[in-house]
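Hi,

Here is the structure I promised to pass on.

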Amino acid sequence: MTASPGLTAPRTLEPAEWEPLQAAHFERVDALLAGHLARRQRREKHPVEDFLFTYYPTRPNQLRFWHPGPGIRLAGATQYEGRKGYRYAEGAAGLDPAEIARRADSISWIGQLLSATAGRQPQFGCFGLHEWAMVYRGEEVRHDAWPLRLGAEGTDRVVESHKIACSHYDAFRFFTTPARPLNVLQPTRELQPALEQGGCLHANMDLYKWATKLMPFTPSSLVLDCFELARDIRTLDMRASPYDFTALGYTPIEIETPTGKASYAAAQRAFADRARPLRHQLAELCTELLATVII
């Protein structure tokens, strides 16, 4: 694959234009990460909020580096010189078409997954039971410092009295062995583009993963929008989980009750609405990037 010679000339921003944008990004990131960084300095773990830095590989310093996105060059931005994914030439920094071409297969796969998910009817009847299936009849629990709200036997009864319908492979792979046959689907990595749907909390949380995997091509504002969505979804996921995080200020959503189910489904729909435009933006970014290479 080679860079296409027929690209529209990118817009070049002078320092007076791009430096305030970079400063606003720094301010937003610092506010979002303040709690996590303070806890890290104290070597204090948090079972809910640390997830975005343990499950996903992007580090705080990577989030803090500002990426303007495609079609923009930054005059005098020497800090980008030599940075992977960028090319500094004629006094300005911009995305390197050669790096886009090198990663075209990955960009294409991500774009296809995002488009397939966007085109599928969302489902809102799972009630977060994936977290319950992760401890069903298990000898160990993932958050062993925190009690199960209904105890082990009560948790198992909830799983056994509900239909488990998890469509997300990276949630399903953490199911206990006894829970796997109870799921109406058997997701695999290969089936991921055929199964993911926009009602799934984990599929919507993973928009942050795809945004970061597309860095440095993803505009940082979009990355942070996806980060905020993932953070808020994680909170719902844990409130609806079998664990009791009341001591941390998280009021449980009792999904084993009709009221809890209704509350969970309503929140799930709201997150699907927030995720929809972000998924479309990421899919469009993939299309835009692939248009710059000749296959």
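Of the contacts in the protein with a separation of 6 or more, 71% are between residues 24 or more positions apart. Keep in mind that this is a predicted model.

On the overall build: the protein has 13 helices and six strands. Its radius of gyration comes out at 21 Å, close to the 19 Å that the globule rule gives for 295 residues, so the protein is as compact as a globular protein of that length. The C-alpha trace spans about 65 × 45 × 30 Å along its principal axes. As for burial, 49% of the 295 residues are buried.

Now for the helix pair I looked at. Two packed helices are described by the angle between their axes and the distance between the axes. Here the pair is H1 (residues 15-41) and H12 (residues 220-239), whose axes come within 11 Å and cross at roughly 15 degrees. With angles under 35 degrees counting as roughly parallel, H1 and H12 are therefore roughly parallel to each other. Their crossing is left-handed.

Which residues make the contact? On the H1 side they are His25, Arg28, Val29, Leu32 and Leu33; H12 brings in Ser220, Ser221, Leu224, Asp225, Phe227, Glu228 and Arg231. Sorted by type, the residues of this contact come to five nonpolar, three polar and four charged.

That's what I have so far.

Cheers

Conventions:
Residues are numbered from 1 along each chain as its sequence is written. This is a predicted model: local features need pLDDT of at least 70, side-chain atom pairs count only at pLDDT 80 or more; totals for chains, interfaces and linings use all residues. Side-chain values use heavy atoms; hydrogens and water are left out. Axes are lines fitted to C-alpha atoms, for helices over the stretch in contact, and angles run from 0 to 180 degrees between N-to-C directions. Helices (H or I, at least four residues) and strands (E, at least two) are DSSP runs, numbered from the N terminus. Angles under 35 degrees count as roughly parallel, over 145 as roughly antiparallel, 65 to 115 as roughly perpendicular and the rest as oblique. A crossing is left-handed if the near helix is turned anticlockwise from the far one by less than a right angle, and right-handed if clockwise. Contact means heavy atoms within 4.5 Å. Ala, Val, Leu, Ile, Met, Phe, Trp, Tyr, Cys and Pro count as nonpolar, Asp, Glu, Lys and Arg as charged, and the others, Gly among them, as polar. The radius of gyration is taken over C-alpha atoms; the globule rule is 2.2 Å times the number of residues to the power 0.38. Buried means under 20% relative accessible area, exposed over 50%, partly exposed in between (1.4 Å probe, protein chains only).
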